[in-house]
Amino acid sequence: MSGYAVAHLDEIDEISDGRCPSRPVRHHFGITSFGVNAWTGHEAGDRIINEHDEAEENEELYLVQRGRATFVLDGERVDAPAGTLVFARPGVKRTAFAEEPETTIIAVGGTPGEAYEPHGYEVWAPLQPLYESGEYAEAADRGRELIEAHPEYANVNYNVACCESLAGRKAEAIEHLRLAIERTERCRSLAAEDSDFDPIRDEPAFKELVG
């Protein structure tokens with residue numbers, strides 16, 4: 001197996017969770033030491049980066065790879081032509097818009113002081129619209145297929161567990177939550193506060209898992 005890989009950005013297919021479509025660079029290359037993805041605003045005025053603040057963990061570095069973007073960082077607008085680097089610490093509310101067609105931004109992120117942990121967002125993203133529309137059983141069924149193909153991702157197991165809980169599949173939800181927690185303790189604390197698990201919160205097996 002070769003120790004390197006090469007791809008043009010446009011060769012990586014876009015995915016979408018119903019918001020801004022992205023190109024899953026990290027997943028494409030199988031990178032496990034840091035997060036990196038790319039977003040393209042195909043028309044001027046398109047939002048490129050979903051508004052978020054990474055309040056809990058991540059800091060992010062953005063590179064405008066082509067075109068021209070406007071970043072909005074804690075309400076302040078920043079002009080960013082191609083070649084501009086923008087760094088945002090946790091807690092800074094951020095978003096970006098295309099000022100020119102096909103403006104592309106590459107983002108690299110990680111949690112200060114912690115080793116990077118791939119969560120599998122890129123794998124789950126196409127199913128997020130099913131969850132958002134309340135089609136929990138279908139999302140769970142398709143999610144189980146994803147788990148078979150990508151058992152290493154905690155978030156896929158976790159999200160399937162959420163959908164199974166909401167679909168009334170108690171035993172399956174608890175089993176997939178157990179698998180998610182085995183991969184990362186972060187899922188235990190998430191489940192403790194997640195209303196998706198309210199239908200199974202009183203189950204003894206759930207209480208044993210979450211504490």
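Is Phe 34 buried, partly exposed or exposed, and what relative accessibility does Phe 34 have? Phe 34 counts as partly exposed, at 35% relative accessibility, where buried means under 20% relative accessible area, exposed over 50% and partly exposed in between (1.4 Å probe, protein chains only). The structure is a predicted model, in which local features need pLDDT of at least 70 and side-chain atom pairs count only at pLDDT 80 or more, while totals for chains, interfaces and linings use all residues. Residues are numbered from 1 along each chain as its sequence is written, and side-chain values use heavy atoms, with hydrogens and water left out.

The pLDDT, the predictor's confidence in each residue from 0 to 100, averages 93 over the protein. A score of at least 70 is reached by 98% of the residues. Among the elements of the protein, the lowest mean pLDDT, 91, belongs to helix α2 (residues 121–124), and the highest, 98, to β6. Helices (H or I, at least four residues) and strands (E, at least two) are DSSP runs, numbered from the N terminus. Where pLDDT is low, the predicted coordinates should not be read in detail.

Strand pairing was assigned where DSSP finds at least two bridges between two strands. Five strands, in the order β1-β2-β9-β4-β7, form an open sheet with antiparallel pairing. Its edge strands, each pairing on one side only, are β1 (22–23) and β7. Within this sheet, β4 and β7 run antiparallel and are joined by four bridges; Leu 61 has Phe 87 in β7 as its bridge partner.

A further open sheet, also antiparallel in its pairing, is formed by four strands in the order β3-β8-β5-β6. Here β3 (47–52) and β6 (76–81) are the edge strands, each with pairing on one side only. On average, neighbouring strands of this sheet are turned by 20° against each other, direction ignored; axes are lines fitted to C-alpha atoms, for helices over the stretch in contact, and angles run from 0 to 180 degrees between N-to-C directions. Three bridges pair β3 with strand β8 (residues 94–98) in the antiparallel sense, and Ile 49 stands opposite Ala 96 in β8.

A nonpolar patch on the surface is formed by Phe 34, Leu 61, Leu 63, Leu 85, Phe 87 and Val 108, which together have about 490 Å² of accessible area. Two or more residues of the patch come from each of β4 (59–66) and β7 (85–88). Phe 34 is located in the loop between α1 (25–29) and β2 (35–41). Patches are made of residues with over 30% relative accessible area and no salt bridge, like charges being joined within 9 Å and nonpolar side chains (Val, Leu, Ile, Met, Phe, Trp, Tyr) within 5 Å. Accessible areas come from the Shrake-Rupley method with a 1.4 Å probe, and for residues only the protein chains shown count as cover.

Side chains of opposite charge can pair when their charged atoms come close. With a salt bridge defined as a side-chain nitrogen of Lys or Arg within 4 Å of a carboxyl oxygen of Asp or Glu, the count comes to 15 salt bridges. One of them links Glu 60 to Arg 94, with the closest N and O atoms 2.8 Å apart. Glu 60 lies in strand β4 and Arg 94 in strand β8, so this pair ties together parts that are 34 residues apart in sequence. Both Glu 60 and Arg 94 are buried. Asp 17 forms a salt bridge with Arg 19, at 2.9 Å between the closest N and O atoms, and Asp 17 is buried, with 8% relative accessibility.

In helix α6 (residues 170–183), Glu 182 and Arg 178 lie four residues apart, about one turn of the helix. Their side chains meet in a salt bridge (2.3 Å, N to O). Glu 182 is exposed, at a relative accessible area of 53%, whereas Arg 178 is partly exposed, at 30% relative accessibility. A network of salt bridges links Asp 10, Glu 14, Arg 23 and Arg 66.

Most residues other than glycine have a negative phi, and most peptide bonds are trans. Asp 74, which is not a glycine, has a positive phi of about 50°. Asp 74 is placed in the loop between β5 (68–73) and β6, and is exposed, with a relative accessible area of 53%. Glu 102 likewise has a positive phi, near 65°. Glu 102 lies in the loop between β8 and β9 (103–110) and is partly exposed, with a relative accessible area of 34%.
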